[in-house]
Amino acid sequence: MKRGTPRGLSFLDEALDLARERDLLRERPAPADWRPLSFCSNDYLGLAAEIGPLEASGAGASRLVTGDRPIHARLEEAAAELVGQPAALVFTSGYAANVGLMSALAGPGDLLVSDALNHASIIDGARLSRARVEVVPHLDVEAVEAALRTRTESRAFVVTESYFSMDADSPDLTILRRLCHQHRAALLVDEAHALGVLGPDGRGRCADAGVEADAVIGTFGKAFGAGGAFVAGCPALVAWLWNRARSFVFSTGLSPTVTAAALQGLRRAQSEPDRRRRVLAAATLLREGMVRLGVEPAGFGHILPWVLGDAGKALRVAASLRERGLDVRAIRPPSVPSGTARIRLTVTASHDSADIERALADIAAVLGTGAGA
């Protein structure tokens, strides 16, 4: 896919040209097979080349040095295609992707507008960027508009998750895209918990809304069953991250083993759409059953937050359910706001109707004891 640099990221072209003029641009090397005469790898014991074939080994070094492999490029092409972007860059984790993106893209003199419930990796990346961060109330598009309209900074970025994993809700991406266009800001969307399940063909909430974000963050460690993550966007963004995202530049490349597994998981998710239908059908059964029991899970989709409020109560309910063989965890502050401790149930394609019935029976039993009332 060919697409120019979005207006909100147009400053990257000038910055990359300047680095090139100063001979400071890190050009991406052509992927090559393992080079046994390398003297710049961190594979100190020589194990990465001996454990198994190339795609069952370690990367050995940062991808800017000798860690780049053809499998990385194949995964990046597949990830970019998945989210409808021209290019992508693979990171070792979702945390590294968000920290690297935020801290490389924004800087002193810029504005980052961040949803109050954004993931810790986004929060930490925003802090490291040294930009001015304006935290807006959860899903409050009017607050986003006010932050953009009254800013004094020349550059601004709006960052949000597309499907919030603790609340199972989503922002109005159509309005956010319009606001960013009106106020010359870039829209950054973390699709980590949506990809593979939500949207047309599991391509996420942006695809569902028909919205083109300026950067899309996704992970391979959730719906795709492997590990690692990516940032997708225009070629200038990927080139900039290759040069400036410290969590990428100064990390050993994602293991080719994990990279191959991620590519396989992504391809299977696309070629086996019944998995997506199964998880959403199972989630609907569980949600409807919980409502019949008098429990109202928040949000929608494959994550069902059962908000209990008190942290102690959430711990007791989780313990009671585990005693009955239902493995759940109490989510407490600071992972969620004070007074909103909860049980977070996640549904997978491996859950069949019998599993849902058993879960509902266990929940009913706990409610019968008064623990979850």
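# A walk through the helices

Start by selecting helix α1 (residues 11-21) and helix α8 (residues 235-244), whose axes come within 9 Å and cross at roughly 50°. That angle makes α1 oblique to α8; angles under 35 degrees count as roughly parallel, over 145 as roughly antiparallel, 65 to 115 as roughly perpendicular and the rest as oblique. What you have open is a predicted model, in which local features need pLDDT of at least 70 and side-chain atom pairs count only at pLDDT 80 or more, while totals for chains, interfaces and linings use all residues. Residues are numbered from 1 along each chain as its sequence is written, and side-chain values use heavy atoms, with hydrogens and water left out.

Helices here are DSSP runs (H or I, at least four residues), numbered from the N terminus. Their axes are lines fitted to C-alpha atoms over the stretch in contact, and angles run from 0 to 180 degrees between N-to-C directions.

Stay with this pair and show the side chains. Leu-12, Asp-13, Ala-15 and Leu-16 of α1 meet Ala-236, Leu-237, Ala-239 and Trp-240 of α8, where contact means heavy atoms within 4.5 Å. By class, this contact has 7 nonpolar, no polar and 1 charged residues (Ala, Val, Leu, Ile, Met, Phe, Trp, Tyr, Cys and Pro count as nonpolar, Asp, Glu, Lys and Arg as charged, and the others, Gly among them, as polar).

Select helix α3 (residues 94-105). At 1.5 Å a residue its 12 residues should span 16 Å, and its end C-alpha atoms are 16 Å apart, which agrees; the expected span is 1.5 Å times one less than the number of residues. Is α3 enclosed or open? Of its 12 residues, 10 are buried, so α3 is largely enclosed by the rest of the structure. Buried means under 20% relative accessible area, exposed over 50%, and partly exposed in between (1.4 Å probe, protein chains only). Among the buried residues are Ala-97, Gly-100 and Leu-101.

On the α3 side, look for Gly-94, Tyr-95, Asn-98, Val-99, Met-102 and Ser-103; residues they meet in α4 include Ile-122, Asp-124 and Leu-128. This contact has 7 nonpolar, 6 polar and 1 charged residues.

**Then to α6**

Arg-177 is found in helix α6 (residues 173-182). Is Arg-177 buried or exposed? Its relative accessibility is 19%, so Arg-177 counts as buried. Not counting residues up to four places away in sequence, Arg-177 touches Ala-185, Leu-187, Val-211, Glu-212, Ala-213 and Asp-214.

Leaving aside neighbours within four places in sequence, Thr-174 is in contact with Ala-209 and Val-211.

Select helix α10 (residues 256-271) and helix α11 (residues 273-292), whose axes come within 4 Å and cross at roughly 75°. α10 and α11 are therefore roughly perpendicular to each other. Their contact is made by Arg-268, Ala-269, Gln-270 and Ser-271 of α10 with Pro-273, Arg-275 and Arg-276 of α11.

Finish at Gly-312 in helix α12 (residues 311-323). Gly-312 counts as partly exposed, at 25% relative accessibility. Draw a distance to Leu-326, 14 residues apart from Gly-312 along the chain: their C-alpha atoms are separated by 19 Å.

Note on methods:
Helices (H or I, at least four residues) and strands (E, at least two) are DSSP runs, numbered from the N terminus.
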